[in-house]
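Me: Please go through the packing of this model with me, one question at a time.

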Amino acid sequence: MKTAKIVGIAAGILLMGTPAFAQDSGEIGYAKGALGYDALVAGQNELALQQLEAAVAVDVNDPARLINLGQVYARMGRAGDAARMFMTAMQGDRNFDLVLADGTVINSRKAANQALQNLNSQFAGR
């Protein structure tokens, strides 16, 4: 597997209530706020959404951006939008390894797939 980029990711990506990308104090390899990390950590979903949508320097198909958008949408009850973001991250041309806060390395496609599975299991359990 060719690694295009290593990005920090919070350990809770598989938990919809937990923020996705960052390590230490913010995004690695991105402008501060470009992935809405600090806002996600603070539970400020609207701010995170604004930051993610306004991040013109981040490609709209960047898997890190898509997964974080999916996380925000899931938190806001927009399950369909969240699922679309996760599927786009899984099926896109770009993928790279993500470093979890616990040091685990996971491919962005696998991370998006697991987030989608978690989203689906949340709704199946209702």
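**Core and helix packing**

Reply: The model is predicted. Its largest nonpolar core has 32 residues, and the members that touch the most others are Y30, I67, F86 and L119.

Me: Which elements give two or more residues to this core?

Reply: The contributors at that level are helices, numbered from the N terminus. They are helix 1 (37–41), helix 2 (45–54), helix 3 (63–75), helix 4 (79–91) and helix 5 (108–124).

Me: Is I67 buried or exposed?

Reply: I67 lies in helix 3. Its relative accessible area is 0%, and the limit for burial is under 20%. I67 is therefore buried.

Me: What separates the C-alpha atoms of I67 and R84?

Reply: Along the chain, I67 and R84 are 17 residues apart.

Me: Are helix 2 and helix 3 roughly parallel or roughly antiparallel?

Reply: The axes of helix 2 and helix 3 are 10 Å apart, and the packing angle is about 150 degrees. Angles over 145 degrees count as roughly antiparallel. Helix 2 is therefore, relative to helix 3, roughly antiparallel.

Me: How many residues in the contact of helix 2 with helix 3 are nonpolar?

Reply: Helix 2 makes the contact through N45, A48, L49, L52 and E53, and helix 3 through R65, N68, L69, V72, Y73 and R75. Of these residues, three are charged and two polar. The number of nonpolar residues is six.

Me: What is the handedness of the crossing of helix 2 and helix 3?

Reply: Helix 2 and helix 3 pack at about 150 degrees. Their crossing is left-handed.

Technical notes:
Residues are numbered from 1 along each chain as its sequence is written. This is a predicted model: local features need pLDDT of at least 70, side-chain atom pairs count only at pLDDT 80 or more; totals for chains, interfaces and linings use all residues. Side-chain values use heavy atoms; hydrogens and water are left out. A nonpolar core is a set of buried Ala, Val, Leu, Ile, Met, Phe, Trp, Tyr and Cys residues joined through side-chain atoms within 4.5 Å. Buried means under 20% relative accessible area, exposed over 50%, partly exposed in between (1.4 Å probe, protein chains only). Helices (H or I, at least four residues) and strands (E, at least two) are DSSP runs, numbered from the N terminus. Axes are lines fitted to C-alpha atoms, for helices over the stretch in contact, and angles run from 0 to 180 degrees between N-to-C directions. Angles under 35 degrees count as roughly parallel, over 145 as roughly antiparallel, 65 to 115 as roughly perpendicular and the rest as oblique. A crossing is left-handed if the near helix is turned anticlockwise from the far one by less than a right angle, and right-handed if clockwise. Contact means heavy atoms within 4.5 Å. Ala, Val, Leu, Ile, Met, Phe, Trp, Tyr, Cys and Pro count as nonpolar, Asp, Glu, Lys and Arg as charged, and the others, Gly among them, as polar.
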